[in-house]
Amino acid sequence: MKLKSMYGRLNLRRKILIALLSLALVPLIITLVVLSTMVESQMTHEIEKRGTQVMVYVKKSIEVSTREISSFVTFFSRNTDLVNAVYYAALTGDSEQIKQISDGAIKESRADLLVILDKSGKPIFEGRRSDGAGAVNTAFLDSPAVKSGLAGTAGDGIGLFDDQLVILSAAPIRLQQEQIGLAVAAIYLDDAFARPLQKESGAEIAFYHDKKFVGTSNQDFKNADPEEIIEEKGGELEIGG
């Protein structure tokens, strides 16, 4: 199956049709060209309509995941054992208690990543659902959700973990009304997130950032030139051989 700029393909079809009809009578040319234009307009409308429906579905799926991860990190940040462990880690530098509590919490949630920061924003623990590249970096710490959380207000949004797009949610950790840290949970917008969306929507899904596909429902996207497909809108991508 080939995905190609719909405008380029329709324009080519129209030019071929007009060239063939130039041999016929003028009234017939006018009639068929008008009909062709109507069909092209209808096809374009249906494609755009379908694209809009898929985008709305993906947006709602991200919103649902955001609410889910936000509820998780808010509840987790208020866990008495976590609060005591963060306080202890701030005094001693020992984060083993945080690790034990966080590892269990990750397994029971949709979170791919769980980071605990001290009240100054310094990471004191980082836990993941599975091993992978990347680490807490400046882009992660500078995200609006983290900044809002360090200022004392829970926040969420889209951020970066290394070069991976993530859904972020941050909630302050408090001991007797005093903020002593911040809990940040994240879900990767990766292949694992995209594949279920493809099954439900029937459309191939790709997340694009910094001129590359960072999460896709089909690995053929990884072999494509994003600039040609997205920015120039004239590329061709062959899916499934």
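1. Let's start with helix α4, which lies across β2 and β3 and runs at about 35° to β3. Here, lying across rests on contact, meaning heavy atoms within 4.5 Å. Helices (H or I, at least four residues) and strands (E, at least two) are DSSP runs, numbered from the N terminus.

2. Before going on, keep in mind that this is a predicted model, where local features need pLDDT of at least 70, side-chain atom pairs count only at pLDDT 80 or more, and totals for chains, interfaces and linings use all residues. Residues are numbered from 1 along each chain as its sequence is written, and side-chain values use heavy atoms, with hydrogens and water left out.

3. Next, find α3, which lies across β2, β3, β5 and β6 and runs at about 85° to β5.

4. Now the strands themselves: 5 of them form an open sheet in the order β3-β2-β6-β5-β4, with antiparallel pairing. Two strands pair if DSSP finds at least two bridges between them. At the edges are β3 (123–128) and β4 (155–161), each pairing on one side only. From one strand to the next, the twist averages 25°. Antiparallel β5 and β6 are joined by 10 bridges, and Ala171 stands opposite Ala183 in β6.

5. Which residues touch the most other members of the largest nonpolar core? Among its 36 residues, they are Phe72, Phe76, Ile98, Ile116, Ile173, Phe193 and Phe207. A nonpolar core is a set of buried Ala, Val, Leu, Ile, Met, Phe, Trp, Tyr and Cys residues joined through side-chain atoms within 4.5 Å. Buried means under 20% relative accessible area, exposed over 50%, and partly exposed in between (1.4 Å probe, protein chains only). Elements giving two or more residues include α2 (26–77), β2 (113–118) and β5 (164–175); α2 gives the most, with 7 residues. Another core, of 14 residues, lies apart from it and includes Leu113, Ala145, Leu182 and Tyr188.

6. Finally, have a look at Ser77, in helix α2. Is Ser77 buried or exposed? Ser77 counts as buried because its relative accessibility is 3%. A polar atom of the Ser77 side chain lies 2.8 Å from the backbone oxygen of Thr74. Not counting residues up to four places away in sequence, Ser77 touches Leu82, Val83, Ala171, Pro172, Ile173 and Ala183.

Key:
A polar contact is a pair of N or O atoms within 3.5 Å; within protein, one must be able to donate a hydrogen and the other to accept it, and residues adjacent in sequence count only if both atoms are side-chain atoms. Axes are lines fitted to C-alpha atoms, for helices over the stretch in contact, and angles run from 0 to 180 degrees between N-to-C directions.
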